[in-house]
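Work through the exercises below with the sequence and the model open. Each task is followed by a stepwise solution.

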Amino acid sequence: MESIGTSGSGDIKRTLELLWEPERRPTRGPKPTLSVERIVLAAIEVADAEGIDAVSMRRLSTELGTGTMSLYRYLPGKAELLDLMLDRVQKPSEEPTALGATWREAVETLARETFALYRRHPWLLQINQARPVLGPGTLDGMEKVLVLIRPMGLTDPELLSVLIMVDGYVSGVARSHAHEIEAVKQTGRTDTEFWTEQGPYLDQVMRSGRYPMMASLSPDTFGPGFDHFEFGLQRILAGLDTLVAARRADPAPAPPPPGPCAPVWSTPPEGTATDDGPPAP
């Protein structure tokens, strides 16, 4: 699943207005018959059913029973629509205790809910979200999680890193699942059929002695019975348990080495040169 969309690639100011000031209405033309929320929900429905590449202003006008040009009275275009879609699907549950009562329960539930989110909206895995436009859905979700994991006793950058780590792990597993589903659709061949065809050749290769370690693996090694997602998640939680215990024993951590990433809301110090160049016309 290649990246076919990039968050933050539209008119940032207009997108933020649409995210944070939804009560604004078009000031030109006849009385509005639609709403930004309705357009966004229709776009999500199309993306869920057919993929993000099926979403277009023309397609949405058909779904909503209106003219294509009338949609531009509500939002500038598909780039801004994409950011609104991303924020909408990441809106957290209204339940105050949905993530659990302890930091461990919060991290575990976050991982499971994120995995479910990618399964419901697989098109999310095709979006480059290196530069997210932070709306209420995204920030409400981060706020709820950070409140619950603050008792871990980690530094603020480390708390953010916990969220990055969980999403990185979950999105990787979810992408593998999405690839499996896509492979079946494209080839018309199930996983069982695919591996059955390779069986005789693999059996011959394993008997050759060329791969003794591979040949020694138990028959269920590659079977569907082992829950790789659960195994990895529990190892992450165990590692965090160890870190939290160590931090409580010695609350003064060594400064982390410089990393490749900075918070998405950070800005370069005044006078620092950047290679962003002028904005696109």
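Buried means under 20% relative accessible area, exposed over 50%, and partly exposed in between (1.4 Å probe, protein chains only). The model is predicted: local features need pLDDT of at least 70, side-chain atom pairs count only at pLDDT 80 or more, and totals for chains, interfaces and linings use all residues. Residues are numbered from 1 along each chain as its sequence is written, and side-chain values use heavy atoms, with hydrogens and water left out.

**Exercise 1.** Classify Arg59 by accessibility, then find the salt bridge that joins Arg59 to Glu50.

Step 1. Arg59 counts as partly exposed because its relative accessibility is 23%.
Step 2. A salt bridge requires a side-chain nitrogen of Lys or Arg within 4 Å of a carboxyl oxygen of Asp or Glu. Glu50 and Arg59 form one, at 2.6 Å from N to O.
Step 3. Glu50 is partly exposed, at 47%.

**Exercise 2.** Describe the salt bridge between Asp203 and Arg207.

Step 1. The N to O distance is 2.9 Å.
Step 2. Both residues lie in helix H9 (residues 191–207), 4 residues apart, about one turn of the helix; helices are DSSP runs (H or I, at least four residues), numbered from the N terminus.
Step 3. Asp203 is partly exposed at 38%, whereas Arg207 is exposed at 67%.

**Exercise 3.** Is Gln234 buried or exposed, and which side chains make polar contacts with Gln234?

Step 1. Gln234 counts as buried, at 19% relative accessibility.
Step 2. A polar contact is a pair of N or O atoms within 3.5 Å; within protein, one must be able to donate a hydrogen and the other to accept it, and residues adjacent in sequence count only if both atoms are side-chain atoms. The side chain of Gln234 makes such contacts with those of Glu108 (3.3 Å) and Glu230 (2.8 Å).

Note on methods
Helices (H or I, at least four residues) and strands (E, at least two) are DSSP runs, numbered from the N terminus.
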